[in-house]
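Here is a short report for a reader new to this structure. Take a look at the model, then read on.

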Amino acid sequence: MTVAAVLVAYAACVGILGPRVLGRGGWTGRAPLLAIVTYLAAGWSVVVAVGLAGLTLAVHATALGGGLSQLIGACVHRLRATYGTPGGATVAGLGLTLAGAVVARTAFTATNHLRAAGRQALRHAQTARLVGHPEPALGAVLVDHSQPAAYCVAGRQPTVILTTAAVQALDPGQLDVVLAHERAHLAGRHHWLLALARIGREVLPFLPLMRDAEQQVARLVELHADDAATRARDPRLLATALVVLATTAGPAPSLAAGATDSVQRIHRLLGPSEPLGRARRRLLRAAAAALAVAPVLLALTPAVIALALGRLPAA
């Protein structure tokens, strides 16, 4: 019961206070990929903590540190003990229900989301190839449209899509860096990072961290693609290209939302911040790793203590 309470408390603290802690300072914009990893590690550690809390209610935590036979034996022993203890069966049942619900919801959400996203991406890529034509010199599918646009579609047919208006509006240098930005999305598997954030939000939608992680990952993958595209190019080319694409992006509501993000990116490209120092990067990597393994360590602490005291045979 104590381990389960600690795990629930951990999930609540990280899930509620996580956005405030991670949002402090401007380091996320200076190291977007590291920030993405940290957000995902924090979010999914909350999911794992909730699942393990239910499991430790049903099975004594010391059994989690042993082998499979010991775990099965502990399950049998716990089932016998629970029916002999007032309220024990109810607690164990609630624990199994919680753990099963987390696993089932995660599996169901992930399966549905990945299938739907895969189908939509494939349909979009195929449609673009039908209405447009591949342009080998650009490495993109060129679609005849009066609105400047450049984007990519991941999945089974990863495709960079470019409109004729964008080709006309951008000069060669701007066009090259915009295409590099879209290729960076595909090379960096950014669609998988976005999927992890969205699935986590759908599993535990009531926690602020899960909602914030989805928004932040969507923002940070753009910054990471900007960095990759401008690594060997002048950042001002991408900044001016964003101005061209944002100012003719579409209807007023969508233009406002897109322009806000573009303005932030343009300021970042025109006035880049100093990269994070090596010591701070190591500290942040250690923090992300700690978040990733914290729930498992908390769940296994009783087993480690019991092993140290000689009460649990090594597996």
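## Thr56 in helix α3

The backbone oxygen of Ala53 lies 3.0 Å from a polar atom of the Thr56 side chain. The model is a predicted one. Thr56 sits in helix α3, which covers residues 32–58. Its relative accessibility is 4%. Buried means under 20%, so Thr56 counts as buried.

## Asp212 in helix α9

Asp212 belongs to helix α9, residues 208–229. Asp212 is buried, yet it has no salt bridge. Which side chain of opposite charge is nearest to Asp212? It is Arg219, 8.1 Å away. A salt bridge needs the charged atoms within 4 Å.

What does Asp212 touch, leaving aside its neighbours within four places in sequence? Asp212 is in contact with Pro19 and Tyr39.

Val21 lies in helix α1, which runs over residues 2–23. Is Val21 buried or exposed? Its relative accessible area is 52%. Exposed means over 50%, so Val21 counts as exposed.

## Glu274 in a loop

Glu274 is found in the loop between α11 (252–270) and α12 (278–308). With a relative accessible area of 62%, Glu274 is exposed, because the cut-off for exposed is over 50%.

Glu274 and Trp27 are 247 residues apart along the chain. Their C-alpha atoms are separated by 9.9 Å.

Key: Residues are numbered from 1 along each chain as its sequence is written. This is a predicted model: local features need pLDDT of at least 70, side-chain atom pairs count only at pLDDT 80 or more; totals for chains, interfaces and linings use all residues. Side-chain values use heavy atoms; hydrogens and water are left out. Helices (H or I, at least four residues) and strands (E, at least two) are DSSP runs, numbered from the N terminus. Buried means under 20% relative accessible area, exposed over 50%, partly exposed in between (1.4 Å probe, protein chains only). A polar contact is a pair of N or O atoms within 3.5 Å; within protein, one must be able to donate a hydrogen and the other to accept it, and residues adjacent in sequence count only if both atoms are side-chain atoms. Lys and Arg count as positive and Asp and Glu as negative; His and the chain ends are not counted. Contact means heavy atoms within 4.5 Å.
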